[in-house]
Amino acid sequence: MCNRENNDILIGKIKYSNVWPVFHHFDVPRLPQSSRLVTEVPSALNRKMLSGALDISPVSSFAYGYGAKRFLLLPDLSVSSDGPVKSILLFSRKPPEQIAGGTIALTNTSATSVNLLKIIMEKAYGGRPTYWDSEPELDAMMDRSDAALLIGDHAIEASWRDHGYIVTDLGEVWKKWTGYGMTFAVWAVQKTFAEAHGEYLAAVCEAFEASKRQSLGDLTPLVERACREIGGTPEYWTRYFGSHIRYDFGEQRRAGLALYFRYAYEMGLLDHRVEIEMWSDNSLTRVKK
């Protein structure tokens, strides 16, 4: 476990609506050891996990690939899509295949979507755009660019505006191009923590699964919260949580993510090949020996 003053186990939480079903009914005080949630944008959680400052957290898929040797993935938990995701969006004046040599502003909040865009622009469209990093503010991004990438709630809110830009859903592009869904985030645990806290980790996995089941069984609380805090209509959020975002991480999800990692390695975005390693209850046997 990470060194800290009060010895709380630290669990990361993404500061976007796309993880709400996994966390909405996740009751931290009922966990078997003293635990605390740390809520940040994906890039901040990625840094904290890579530095060892968090024990368990959803992380961008690319961040998992970067630090895969020190992490295990929790079973059947992800933020994925099987087509349009509605919250990983490229805004442009021309179709993206026509700006393959242009300038694209990148959100500074997630590595997975940034590198997915680079993979699509180079491998699917044969381009080599110029990129620059920006705060997620569409108007400022487009002042200096041919296109702008936004993710999460920033992308959702921008998609509702009447700005006249072409909106390209990267989840949809990936699905049409590869035949696979795209996994944008996974739930990771530090290997050293997993080895020492198997029973606790089993309880955490069950609590996440229970929250996910309860949330997806009745979306009303999430839909009402999203309308209140972000805007939009109940119909939009019902489709978003119930259809566009997928929270499983089965064989097909893992195969699509493995392809993403392969392309990232081929392009030099990762300097090593990635083997996806899962945590399972079998770890308890190893811990108890």
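1. Aspartate 8 is buried, with a relative accessible area of 11%, where buried means under 20% relative accessible area, exposed over 50%, and partly exposed in between (1.4 Å probe, protein chains only). The model is a predicted one, in which local features need pLDDT of at least 70 and side-chain atom pairs count only at pLDDT 80 or more, while totals for chains, interfaces and linings use all residues. Residues are numbered from 1 along each chain as its sequence is written, and side-chain values use heavy atoms, with hydrogens and water left out.

2. The side chain of aspartate 8 meets that of arginine 36 in a salt bridge (3.5 Å, N to O); the term stands for a side-chain nitrogen of Lys or Arg within 4 Å of a carboxyl oxygen of Asp or Glu. Arginine 36 lies in strand β2 (residues 35-40) and aspartate 8 in the segment before β1 (9-14), so the pair ties together parts that are 28 residues apart in sequence. Helices (H or I, at least four residues) and strands (E, at least two) are DSSP runs, numbered from the N terminus. With 37% relative accessibility, arginine 36 counts as partly exposed.

3. The chain is divided into domain 1 (9-82 + 182-285) and domain 2 (88-178), with bounds that come from an automatic or database domain assignment. The centres of domain 1 and domain 2, taken over C-alpha atoms, are separated by 23 Å. The contact, meaning heavy atoms within 4.5 Å, takes 27 residues from domain 1 and 25 residues from domain 2.

4. The area buried between domain 1 and domain 2 is about 2,200 Å², and carbon and sulfur atoms give 69% of it. Buried area is the accessible area (1.4 Å probe) that two parts lose on being put together, summed over both. Tyr16, Phe184 and Met267 supply 27% of the area that domain 1 buries against domain 2, more than any other three residues.

5. Across the interface of domain 1 and domain 2 the rule finds seven residue pairs in polar contact (both at pLDDT 80 or more). A polar contact is a pair of N or O atoms within 3.5 Å; within protein, one must be able to donate a hydrogen and the other to accept it, and residues adjacent in sequence count only if both atoms are side-chain atoms. On the side of domain 1 that touches domain 2, the largest share, six residues, comes from α12.

6. A search of the whole structure finds 14 salt bridges, and across the interface of domain 1 and domain 2 the rule finds two. The side chains of aspartate 82 and lysine 175 meet in a salt bridge (3.1 Å, N to O). Both residues are partly exposed, aspartate 82 with a relative accessible area of 34% and lysine 175 with one of 27%.

7. Aspartate 82 also meets arginine 253 in a salt bridge between their side chains (3.9 Å, N to O). This pair links distant parts of the chain, since arginine 253 is in helix α12 and aspartate 82 in the loop between β4 and β5, 171 residues apart. Arginine 253 is buried, with a relative accessible area of 8%. Asp82, Lys175, Asp248 and Arg253 are linked in a network of salt bridges.
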